[in-house]
Amino acid sequence: MENMITLTIDDRQVTVPKGTTILKAARSIGIEIPTLCHYELKGQGVENRPGSCRVCVVEVEGKSNLAASCATNVSEGMVVRTNSLRVIMARRTVVDLMLSDHPADCLICPQSGNCELQKLANDLGLRDITYSGEQSKNKVEISPAIIRDENKCIMCRRCETVCNSLQTVGALTAVNRGFGAVVSTSFRMNLEDTSCVMCGQCVQACPVGALSEVNNTRQVMSAIANPRKKVIVQTAPAVRVALGEEFGMEPGSRVTGKMVTALKKMGFDYVFDTDFAADLTIMEEGTEMLDRIARFMKGDKSVKLPIMTSCCPGWVNFFETNYPDMLDIPSTAKSPMQMFGAIAKNYWAEKMGIKREDLVVVSIMPCVAKKYECQRDEFKVDGNPDVDYSLTTRELADMVKLLGVKFEDLPDSDFDKPLGESTGAAVIFGATGGVIEAATRTAYEIFTKKELGKVEFTELRGLEGVREATVDFDGTPIHIGIAHGLGNARKLLDKVRAGEAQFHAIEIMACPGGCVGGAGQPYHHGDFSKVEKRLQAIYEEDREKPIRKSHENPYIQQLYKEFLGEPCGEKAHHLLHTHYFDKSEKKFGI
Amino acid sequence: MRKVQSLADLQSLRDEFRAEFCPADVKKVQVKIAMATCGIAAGAKQVMNHMVEKSKELGLDIDFTQAGCMGYCYAEPTLEVSVPGRESVVFGYVDETRADEILTKYIQNNELVEGIIPVNYETTD
Amino acid sequence: MATYNKHILVCGGSCCTSGNSAQIADNFKSTLAEKNLSNDVQVIQTGCFGLCDQGPVVKIMPDNTIYTHVKPNDVRRIVEEHIEGGKKVEDLLYVNPITGERVEDNKEPNKFHKKQIRIALRNCGVIDPENIKDYIAHDGYMALAKCLTEYTPEQVIEVVSASGLSGRGGAGFPTGKKWASSARAKADQKYVVCNADEGDPGAFMDRSILEGDPNSVLEAMAICGYAIGADKGLIYIRAEYPLAIERLKIAISQAEEMGLLGDNIMNSGFNFHIELRYGAGAFVCGEATALIHSMEGKRGEPTFKPPRTSEKGYNLKPTNVNNVETYANVPIIITKGAEWFSSIGTANSKGTKVFALAGKVNNVGLIEVPMGTTLREIIYEIGGGIKDNKKFKAVQTGGPSGGCLTERHLDIPIDYKSLTQAGSMMGSGGMVIMDESSCMVSIAKFYLDFTVPESCGKCTPCRIGNKRLYEMLDKITKGNGTMEDLEHLRNLSVVIKDTALCGLGQSSPNPILSTLDNFWDEYVEHVQDKKCRAGACKDLVQYEINPAVCVGCTACSRNCPVEAIKGELKKPHQIDNSICIKCGTCITKCKFNAIRIK
């Protein structure tokens, strides 16, 4: 076998394909080598292995220096020791050095309990710092969504790799040399002034507390505690398939009912579902899509195709920064979260007799960028935002932990009505391809005036970074493009911009896997199989829903009848649609 | 300048340039001044300009050329003087006064002046 | 008017001066005057002959007679027997160290006492670097022409391999092997890169070559391009070398004008173009992968190997990277042959090495010696010995990556292997000589002070570890070190070497390890006795005025910038060490040597 290599690791023989690293060869036979900078999103084409932290060093016979196992490929007959005293001492020294230049405020660090450095120090039994000395004094920055504490940066470059390679955003880079080297922004600008789109994948990737989301749990609890305020909450579809992980449950566990119970226990006055607004989004976006396709087919030159989804705030920031020439292409429909806020603070508040300023809308999102989105000026009325606070799945878990309940033993509860009713189409918003599939279910029936035989469009599913599919609308082929991860989005968009690809509609999600892989989800520490399991759970949830097409949601139908009128009508346009801004100057940091 | 066409062409050019730059029998006094960064920093350029002027005044016909580092950092500026019929001599610590002495004493009268540096290396040619 | 027919050259180098050569010169003058020969024979003092172990040295011109071990009372014999009698003084004649014979005429070959052979520097100081004709007159571009017309690319690599030439940038990787690897790699585009990012403190070998003989590097790069199948060359040069850049630009345009670079060189069908790329002067960019990242417009930091740059280099294409001095050796290897080159040097290191000799030697300079030359020969014969007759203490080679060697290493023949075995390394060619006034702890600290900010900061051991090493050294030089610190210093140094990503970190602790090994007592003194024997660590020394010597001239107290010196006129002064900042001004101002450091 020409392409197989046999080597010995800790006295055990192992045969692996040529090109395998020592690290992977060792793991294949259950030998665990600790790592820190190594970060791989399997299947997403992203691997950070600068070989720079030097935690994974091993002894290779015949080599004078220790080798970084993550960056050294195996060779025939190689003899490796992963746990010799030389290796252990070196590893401890390396981590000791990291700790010597790391703030020791673990008790209140946002990463406490999730910190890979903390775990490593513990695993290596480090109980004091041998090589203590001066600590770096760098920038601490609080942006609308992300907090950067450069003092905690360990230069693993994971954030830099996801920001540059996965997302092609290019906001983060190593700056300075020597002891002063740290990952920062160019010219050490604030994130908001850079090309950063607040997608938060850097937060998801950061092994320590150098990058974290802005924490809003205290404000939310204060609002609940305030008797003058009515506090309502909406939960995004991807949250319910990931929250359980924070309580030791298997990835992909569906905990919708337990989540609702917990939210009620917390004291939210009403627990609603963003899925309701997702159905609403389909009504608006689907209608807009059909209208644009129909006019385009009639030869209306003022209409541009493809229409692109606009529910992902990271994606919106991305095209505003990078594709200012294409601002007329995305759907003008607001994101489900913002539609929910608009309906809650107008229709529902009025119906309930609650004054706008007394209503607090909280959203639970798998997302970091939502924190930024809800603060955008166009989503405020007289300074009062439609959505007051957006919490991540992780923040929700933190709040649930305060209840002192055993989460997995909580009984199930239902969402409150009317803004808690949703269809299977809304649930799949949490997966890449889900929004366009949901839109297709509705658009097909409206366009063809026929009922769908099979509601599942499996051709739109999968984890391939860029996907293309053609859906037959009863004789009319509709070309659909899908991308998840902004690097993939860029590939697709560049093709569209260059006129090399013709699509009717495109769905884009900023995070790999869609919202299930969102930056606000429980840390997966580079284990992408967790994201895949959440994705499966999303489709299971859809299958079990009695109604699976958005336009069949009775509460949505009632909302149009009672309040909105027609989809994309005047009122709907005013409340549920938005516009975009040219933010290309941020690309150059001017 | 025309383009070199072949090995033979290069050889003939070499012979032509040799006659110009390093003839077997030197007919003219030659002064080479070490003009690497360090030499220039130590004043080699001023010394060269001065010598050019001074030699005109004295009516001496001398070829001045710049060269790279001769290696005697401790004695910059340094220069090498080749007078027909004599072995070439390297002088170090050359300031304007010593430059004058080199012209009037060594070149004109074969009288050595202070600052001679015995060449302590062999050059491969 | 004098019309000299003979010159008597008396060595005025410091070794010979200490051997009373001034007296010898005076004796010559008086003896000649006595014999009325003053107008026929000139006596002149010269610089160092480099025969320091045989001094004082006298040379009679134009006879080319060298006399060694000359004493003042030998002068009369030389004048009477040689100058007047025309007969050489047999027992004073220079002895050929190889044959053991006494040499009467040292004109040609005058090689025996010349410790230096200039190969890489062969044209430096000889030709006009701004005129390609001068280079051609010295066989320039003949090697390229020979390769293009007589050799296949494989044969070129064979010659380079057989010559035993190895990388002069420091690591000593066999050049032929490197070229062969790039030649083997298959790609639509390959590159030849010249690393002119000379960064060791005090090293200027490459700059001197580029300033003195830029064409030799261009020619070598073209030869390399022919050998590996590349048509593009890039010179990565630091922007702080404006003269080298200027001369390279002139050389490139002249070579292009003459068709020695460019398309279809000498009608061979071979194309080769060279461009300059400027570095901002980051030490780490001398590392090949970091250099390539820098040229690509990326952050200048190394990446792990493999892949080597010969397989995936600039723009991920096969790229041969050699440094300036390595290239400068290539043309002459082609013209004179591999055998000639490999006959110079030692069994495992061939050819010569250029060093920037600096520090406390008399003749600091740029030298080129055959591999196998000893440190003693370099310091005492070429360097002319230690300045001010002080005692030799250590020699530092290899720059910030190297180590300090001592008296007991002086007779080791220098090559890549021997220096590494001794605890230092060849490096790119910095060589700093230290005397007893150098504090070895401070020396180690000096190099770490350089390495800490020059680390790219990528890997943990180099980014943080070097900083910690520096902090410990700083603590020791300030008198706050403990014996535990010395243990930590060694342990951390070992781990940094063992775990760092690139050559910078893998060698940055060397100055510490070598000084710990060779000067352990000095470290212990700093820690336990709070004493710096060299008097270099300000916090560990006190200035004192010797009352027996001080005459009370007030020069010291008038010049003390912090008014730490008190005393009445004409009475011994005192220094208040609680105020004194140890600037040393008083010592330089005192004409009576009354102030000492204890």
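In which loop of chain A is the place of P306(A)?

**Figure 1. Two cis peptide bonds, one in chain A and one in chain B.** P306(A) has its place in the loop between α8 (274-297) and β15 (307-308) of chain A, where helices (H or I, at least four residues) and strands (E, at least two) are DSSP runs numbered from the N terminus. This is a predicted model, in which local features need pLDDT of at least 70 and side-chain atom pairs count only at pLDDT 80 or more, while totals for chains, interfaces and linings use all residues. Residues are numbered from 1 along each chain as its sequence is written, and chains are lettered from A and ligands numbered from 1 in the order in which they are written. The bond leading from L305(A) to P306(A) is cis, with omega near -5 degrees. In chain B, E76(B) and P77(B) are joined by another cis peptide bond, whose omega is about -10 degrees, and P77(B) belongs to the loop between β2 (62-67) and β3 (79-82) of that chain. Most residues other than glycine have a negative phi, and most peptide bonds are trans.

**Figure 2. Two residues with positive phi, R54(A) and N267(C).** R54(A) is not a glycine, although its phi is positive at about 65 degrees, and it is found in the loop between β4 (46-48) and β5 (57-60) of chain A. Because R54(A) has 32 C-beta neighbours inside 10 Å, it counts as buried; a residue is buried if 20 or more other C-beta atoms lie within 10 Å of its own, exposed if 12 or fewer, and partly exposed in between, with C-beta atoms placed from the backbone. N267(C), also a residue other than glycine, has a phi near 60 degrees and lies in the loop between α10 (242-257) and β8 of chain C. With 15 C-beta neighbours inside 10 Å, N267(C) counts as partly exposed.

**Figure 3. An open, parallel sheet of four strands in chain C.** The strands follow the order β8-β7-β6-β9, and two strands count as paired if DSSP finds at least two bridges between them. The edges are taken by β8 (273-279) and β9 (319-323) of chain C, each of which has a single partner strand, so one side of each is left without a neighbour in the sheet. From one strand to the next the twist averages 20 degrees. Seven bridges link β7 (residues 232-238) of chain C to β8(C) in the parallel sense, and within this pairing I237(C) has Y278(C) as its bridge partner.

**Figure 4. Strand β1 of chain B and its pairings with β2(B) and β3(B).** Strand β1 (residues 29-34) of chain B is mostly covered, since five of its six residues are buried. How does β1(B) pair with β2(B), in the parallel or the antiparallel sense? The two run parallel over six bridges, and in β2(B) the bridge partner of I33(B) is Q66(B).

**Figure 5. The crossing of helices α9 and α12 in chain C.** The axes of α9 (residues 214-228) and α12 (residues 324-336) of chain C come within 8 Å and cross at roughly 75 degrees; axes are lines fitted to C-alpha atoms, for helices over the stretch in contact, and angles run from 0 to 180 degrees between N-to-C directions. That makes α9(C) roughly perpendicular to α12(C), for angles under 35 degrees count as roughly parallel, over 145 as roughly antiparallel, 65 to 115 as roughly perpendicular and the rest as oblique. Residues of α9(C), including V217(C) and I223(C), meet residues of α12(C), among them Y327(C) and P331(C), where contact means that C-beta atoms, placed from the backbone, lie within 7 Å. The residues of this helix contact divide into 10 nonpolar, one polar and one charged; Ala, Val, Leu, Ile, Met, Phe, Trp, Tyr, Cys and Pro count as nonpolar, Asp, Glu, Lys and Arg as charged, and the others, Gly among them, as polar.

**Figure 6. The contact between chain A and chain C.** Chain A brings 29 residues to this contact and chain C brings 26 residues. On the side of chain A that touches chain C, helix α2 (residues 85-100) of chain A gives the most, with seven residues. That side of chain A holds 16 nonpolar, nine polar and four charged residues.

Notes
Two residues are in contact if their C-beta atoms, placed from the backbone, lie within 7 Å.
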